[in-house]
Amino acid sequence: MLSIKYNPLPLTFILPMNSLINQIEALQKISQELDPTFEEREKLNEQVREFANHFMENLESYPAYVKGEPSTEKLTIKSGKKNLKELLAVFNSEVVLKGIKPASGKHLGYVPGGGIYTAALADFLASVTNEYAGMYYASPGAVAIENETLNWMKSIFGFPKDAVGNLTSGGSIANLIALTAARDKHKIKNEKITKSVLYLSPQTHHCIHKALRIIGLEDVKVQLLELDTLHKIDTLKLSEKIKEDISNGLKPFMVIATAGTTDTGAIDSLDEIGEIAKNHNLWYHIDAAYGGFFILSESKKNLFKGIEMADSLVVDPHKGLFLPYGIGAVLIKDKEAVFHSHHYTADYMQDANSVNSQLNPSDVSPELTKHFRGLRLWLPLQIHGIEPFIASFDEKLLLTTYFRNQLVELGFKVGPKPDLTISYFWYPSNEIEENEFNEKLVEFIHTNGDVFLSTTKIEGKFVIRMAILSIRTKKATIDTAIKMINKCLIETKKYFKY
Ligand SMILES: *Cc1c(COP(=O)(O)O)cnc(C)c1O
């Protein structure tokens with residue numbers, strides 16, 4: 001674009017006034033390039049819009065999974081300039097066309113989400129305006145929007161108005177914030193650490209264990225609870241364990257329930273665990289990262305009874321509300337417990353402290369400056385209303401039943417009827433060792449790639465998982481999945497000469 005050469009001068013060199021001005025002007029001509037003009041922006045916008053439209057229009061035909069690694073050579077940052085067209089081509093070939101397609105409805109692995117388009121537009125606006133969502137003083141409007149989305153969640157989950165909350169980058173950081181508050185509330189430090197007991201399910205998400213290490217609670221006693229046949233915490237055993245630990249001189253301080261486990265989509269008995277927590281003065285944390293928003297489905301409401309008893313709750317809008325990756329949420333009732341670690345005042349923030357009529361996101365999070373995440377939740381909710389979200393939950397629940405029925409017809413065994421939309425299945429092979437057979441089957445499934453499924457182990461047994469949560473997973477997707485699975489099953493049988 002510009003080809004002005006800049007010759008740096010030694011810093012110690014004292015410039016005469018007009019030479020100084022000449023230098024500034026020369027620099028400005030170069031730095032100006034970071035701020036494209038109206039015409040340049042139009043051109044860039046057009047190229048990105050064309051790319052996005054092409055992506056959206058062809059998404060259906062992309063395989064859900066393509067094995068392969070990017071060319072690091074093509075991604076290398078070298079000096080010099082490239083044009084956007086060239087870069088979009090590289091982005092397409094090296095990023096979009098490799099790996100799992102999270103935006104695809106045919107992504108039925110891990111916990112998908114899809115990515116609502118209007119949230120992407122919100123991200124664009126948040127970035128262009130670059131509102132500062134860390135403190136109310138800086139952008140009262142942005143922070144008010146963030147707080148409004150949290151208030152909305154409080155009302156959904158029966159949390160009191162004075163609970164605090166935060167929009168995080170995802171469920172892991174949301175859990176970290178909740179666990180830190182529990183630690184600070186119960187003052188778990190020094191010699192108290194090894195005497196303190198935390199109760200959780202073997203199905204608890206691994207980010208909880210990571211969080212414990214990060215916040216210095218690696219050495220608390222973690223009691224892995226027994227589960228019932230539906231993979232839920234056995235609450236009777238929980239009560240017994242707590243009493244036993246107390247009589248052994250230990251200090252129970254927290255119990256963690258999951259509303260929608262990653263492996264099987266099970267919801268623990270939230271009300272029973274809540275009662276136990278209350279009776280023993282335990283911090284009650286619920287990880288509802290995957291399952292939480294299913295509370296909005298009339299048919300599932302009763303499974304969430306007791307969720308309002310939690311001291312802290314995590315949900316992931318980038319799963320359960322189909323938003324693009326990069327947004328989790330935590331709600332916590334005890335403001336002081338959260339503020340202990342996160343609320344800080346510093347001299348260079350004295351202006352900010354003068355205006356305090358709303359909660360500052362930075363008082364509830366390790367983050368100070370952050371992406372204005374609230375907009376990507378607020379805008380889609382306002383544009384679409386809540387109804388299509390609720391219809392989607394019901395649709396996903398029915399698709400799960402539909403998928404399981406079809407699998408049974410193909411001769412597969414399926415796990416227990418799930419509370420939500422994650423379930424598992426395996427092929428019962430009599431002649432070949434079952435794990436070996438199913439591992440091979442998944443190899444064929446991944447090579448095929450039409451629909452992506454992931455795997456897990458349930459009590460040592462290798463099983464194939466299905467997670468139906470993408471906004472774009474439809475009945476036709478499940479039909480494609482069944483076709484693909486059947487084809488791969490035939491290939492696997494052939495492979496084993498079965
Ligand atoms: C996904 C998930 C997490 C982790 O959340 P991220 O957004 O991936 O950081 C935690 N708990 C549960 C139950 C989950 O499903």
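Which helices each supply at least two residues of the shell around the ligand? They are helix 7 (171–185) and helix 11 (317–320), where helices are DSSP runs of H or I with at least four residues, numbered from the N terminus.

This is a predicted model, in which local features need pLDDT of at least 70 and side-chain atom pairs count only at pLDDT 80 or more, while totals for chains, interfaces and linings use all residues. Residues are numbered from 1 along each chain as its sequence is written, and side-chain values use heavy atoms, with hydrogens and water left out.

**The ligand**

Helix 7 gives the most to the shell, with three residues. Of the 14 residues around the ligand, those that come nearest are Gly 171, Ser 172, Asp 287, Asp 316 and Lys 319, a residue being counted if one of its heavy atoms lies within 4 Å of the ligand. Polar contacts (pairs of N or O atoms within 3.5 Å) include the following.

| Residue and part | Ligand atom | Distance |
|---|---|---|
| Gly 171, backbone | oxygen | 2.7 Å |
| Asp 287, side chain | nitrogen | 2.6 Å |
| Lys 319, side chain | oxygen | 2.7 Å |

Taken alone the ligand exposes 380 Å², of which the protein buries 85%, by the Shrake-Rupley method with a 1.4 Å probe.

**Helix 4**

In helix 4, Leu 88, Glu 94 and Val 96 are buried, that is, under 20% relative accessible area with a 1.4 Å probe, protein chains only. Viewed down the axis of helix 4, its buried residues fall within an arc of 155 degrees, so they line one face of the helix; the arc is that of the directions from the helix axis to the C-beta atoms.

Note on methods. Buried < 20%, exposed > 50% of the residue type's maximum accessible area, 1.4 Å probe, protein only. Polar contact = N/O pair within 3.5 Å; in protein donor to acceptor, adjacent residues only side chain to side chain.
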